[in-house]
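Me: I am new to this structure. Can we go through a few points, one at a time?

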Amino acid sequence: MSTLPNCPQCDSTYTYEDQAMLVCPECGHEWSKDATEQNEPSIKDSNGNPLEDGDTVTVIKDLKIKGSSQVVKVGTKVKNIRLVEGDHDIDCKISGIGAMKLKSEFVKKV
């Protein structure tokens with residue numbers, strides 16, 4: 001038995017298929033099957049390029065490190081990033097600083 005996704009509007013679990021569409025009987029919302037596959041969250045850099053695990057990025061703005069007097073300078077290259085859920089969506093190690101979490105809006109893909 002295949003499991004159908006919940007309704008994107010009301011989060012109802014009672015969705016059903018009607019030819020090429022998915023339908024929610026509770027709110028009446030209809031959407032295509034293809035739309036649910038494309039709704040996967042993709043993390044993009046400051047220029048709109050999609051990021052993936054293992055990419056190399058460059059910092060585009062001086063970033064102050066909270067609780068420290070150190071700063072991540074503009075142009076710092078960060079290799080082998082890992083994407084995670086949350087506000088700070090990049091996990092990485094920066095040489096000379098250590099493990100950090102960055103926001104994707106402050107980096108660009110190399």
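Me: In which segment is aspartate 11 found, and is this residue buried or exposed?
Reply: This is a predicted model. In this model, aspartate 11 belongs to the segment before β1. Its phi is near 65°, a positive value in a residue other than glycine. Exposed means over 50% relative accessible area. Aspartate 11 has 53%, so the residue counts as exposed.

Me: Where is the place of glutamine 19, and what is its relative accessible area?
Reply: Glutamine 19 lies in the loop between β1 and β2. Although not a glycine, glutamine 19 has a positive phi of about 60°. The residue is exposed, and its relative accessible area is 74%.

Me: Which strands stand at the edges of the open sheet, each with a single partner strand?
Reply: Three strands form this sheet, in the order β1-β2-β3, with antiparallel pairing. β1 is joined to β2 (residues 21-23) by three bridges, and aspartate 18 stands opposite methionine 21 in β2.

Me: Which element gives the largest share of the largest nonpolar core?
Reply: This core has 15 residues, and Val72, Val78, Ile90, Cys92, Met100 and Leu102 touch the most other members. Two or more residues each come from β4 (57-59), β9 (90-94) and β10 (98-102). The largest share is three residues, and the element giving them is β9.

Conventions. Residues numbered from 1 in each chain as written. Predicted model: local features only at pLDDT ≥ 70, side-chain atom pairs only at ≥ 80, totals over all residues. Heavy atoms only, no water. Core = buried A, V, L, I, M, F, W, Y, C linked by side-chain atoms within 4.5 Å. Buried < 20%, exposed > 50% of the residue type's maximum accessible area, 1.4 Å probe, protein only. Helix = DSSP H or I, 4+ residues; strand = E, 2+ residues; numbered from the N terminus. Pairing = 2+ DSSP bridges.
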